[in-house]
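Biologist: I've got a new structure on my screen and I'd like to walk through it with you. Shall we take it one question at a time?

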Amino acid sequence: MSTVALNKYPFKKQLLQQVTIPTALAVLIMTLGCGGGAGLSRKTPHRPLTKSLPPVRYTVQVGAFARIDNAVQLTEKLQNQGLDAYHFRNRSGLYQVRFGNYQTIGTARIKAENLISAGIIDEYYLIGPNDDAMAAQGITDKEILRTEIVKTANQFIGVRYRWGGQSSDTGFDCSGLTMVVYRLNGLELPRSSRQQWQAGKPVNPNQMSQGDLVFFATGGGGRVSHVGIYIGNNKFLHAPSSGRKIRISSMSNKYYKSRYLGARTYL
């Protein structure tokens, strides 16, 4: 028997209810995770805080690794199956992998069970819209969501982040960070930096708020090739390049200032 648990967001306290699903595989014990079950309760109506980004509904979470390389390998394995997979570090320091944005818990479960049958994953957790994403829980205070976006981003500082199965010339290393931070907070931000630029609403430099994204033409030619998360006080958090540590930089830095293109907001 393997247990599919519906728990709270990994960065917050755990536990709602469990659903038991028979499989021929042994249980892989995971310290953190979330999942689903029939009869899922909804504490609040679904009221996303943004009109520009669709909300994250049900996702599948797998793995709990001490080494990021293991999370990258699993991410690549899932991406090779045509899945929109990504990995992240939770507050305990473990690396976990998520994929998909399914409209129903049943659809998410069927996909995960098919992957188990194919021997691609061993166990999974289903994460519902009322369990890990403030934007999908009906919270109407955008400033709280902005604060949560920055808190989530701060969990990645110092990580040598790299993204499996993606080309760095599309700016995905840096945009992978911004995508994951937004998705962990319930907003389906697109994958590449150029798509993120197009999806947002322009904001003046003197009107930027924490959680907005800032874009740069680091490859020259005035074309978007880098993105970071504005955290306030003229600073932004970003992944400089593949394999380098995620860090905080100043908007006044000569290199970034000369390549700055503009900011976008999604809230």
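Biologist: Let's start in a loop. Between which two strands is the loop that holds Asn234?

Modeller: Keep in mind that this is a predicted model. Asn234 counts as partly exposed, because its relative accessibility is 34%. The loop it belongs to runs between β9 and β10.

Biologist: What value does phi of Asn234 come near?

Modeller: Most residues other than glycine have a negative phi. Asn234 isn't a glycine, yet its phi is positive, near 65 degrees.

Biologist: And Asn233, is that residue buried or exposed?

Modeller: Asn233 sits in the loop between β9 (226-232) and β10 (235-238). Its phi is positive too, near 55 degrees. With a relative accessible area of 72%, over the 50% cut-off, Asn233 is therefore exposed.

Biologist: Let's move on to charges. How many salt bridges does the structure hold?

Modeller: Side chains of opposite charge can pair when their charged atoms come close. Here, a nitrogen of Lys or Arg has to be within 4 Å of a carboxyl oxygen of Asp or Glu. For this structure, the number of salt bridges is six.

Biologist: How many residues apart in sequence are the parts that Arg183 and Asp84 tie together?

Modeller: Arg183 and Asp84 form a salt bridge, and their closest N and O atoms are 2.7 Å apart. Arg183 is in helix α5, while Asp84 is in the loop between α1 and β4 (85-89), so the parts they tie together are separated in sequence by 99 residues.

Biologist: Now for helix α4. About how many helical turns separate Glu143 and Arg146?

Modeller: Glu143 and Arg146 form a salt bridge, with 3.8 Å between the closest N and O atoms. Glu143 is partly exposed at 45% relative accessibility, whereas Arg146 is buried at 7%. Because they are three residues apart in helix α4, the separation is about one helical turn.

Biologist: Arg146 also pairs with Asp212. How far apart are the closest N and O atoms of that salt bridge?

Modeller: Asp212 counts as buried because its relative accessibility is 2%. In the salt bridge of Asp212 with Arg146, the distance between the closest N and O atoms is 2.8 Å.

Biologist: So which distant parts of the chain does that pair link?

Modeller: Asp212 and Arg146 form a salt bridge. Arg146 is in helix α4, and 66 residues separate it from Asp212, which is in the loop between β7 (201-203) and β8 (213-216).

Biologist: What about charges on the surface? Which residues form the positive surface patch?

Modeller: One member, Arg160, is in the loop between α4 (142-154) and α5 (172-184). Altogether, the patch is formed by Arg160, Arg244, Lys245 and Arg247.

Biologist: Next, polar contacts. Which side chain does the side chain of Thr178 contact?

Modeller: Thr178 is in helix α5. It counts as buried because its relative accessibility is 1%. At 2.8 Å, its side chain makes a polar contact with the side chain of Gln196.

Biologist: And which residue's backbone oxygen does the side chain of Gln79 reach?

Modeller: Gln79 belongs to helix α1 (residues 68-79). Its relative accessibility is 14%, so Gln79 counts as buried. At 3.2 Å, its side chain reaches the backbone oxygen of Ala85.

Biologist: Last one: what distance separates the C-alpha atoms of Tyr125 and Val60?

Modeller: Tyr125 is in strand β6 (residues 125-127), and it counts as buried because its relative accessibility is 8%. Tyr125 and Val60 are 65 residues apart along the chain, but the separation of their C-alpha atoms is 5.8 Å.

Note on methods
Residues are numbered from 1 along each chain as its sequence is written. This is a predicted model: local features need pLDDT of at least 70, side-chain atom pairs count only at pLDDT 80 or more; totals for chains, interfaces and linings use all residues. Side-chain values use heavy atoms; hydrogens and water are left out. Patches are made of residues with over 30% relative accessible area and no salt bridge: like charges are joined within 9 Å, nonpolar side chains (Val, Leu, Ile, Met, Phe, Trp, Tyr) within 5 Å. Accessible areas come from the Shrake-Rupley method with a 1.4 Å probe; for residues, only the protein chains shown count as cover. A salt bridge is a side-chain nitrogen of Lys or Arg within 4 Å of a carboxyl oxygen of Asp or Glu. Lys and Arg count as positive and Asp and Glu as negative; His and the chain ends are not counted. The place of a charge is taken as NZ of Lys, CZ of Arg, CG of Asp or CD of Glu. Helices (H or I, at least four residues) and strands (E, at least two) are DSSP runs, numbered from the N terminus. Buried means under 20% relative accessible area, exposed over 50%, partly exposed in between (1.4 Å probe, protein chains only). A polar contact is a pair of N or O atoms within 3.5 Å; within protein, one must be able to donate a hydrogen and the other to accept it, and residues adjacent in sequence count only if both atoms are side-chain atoms.
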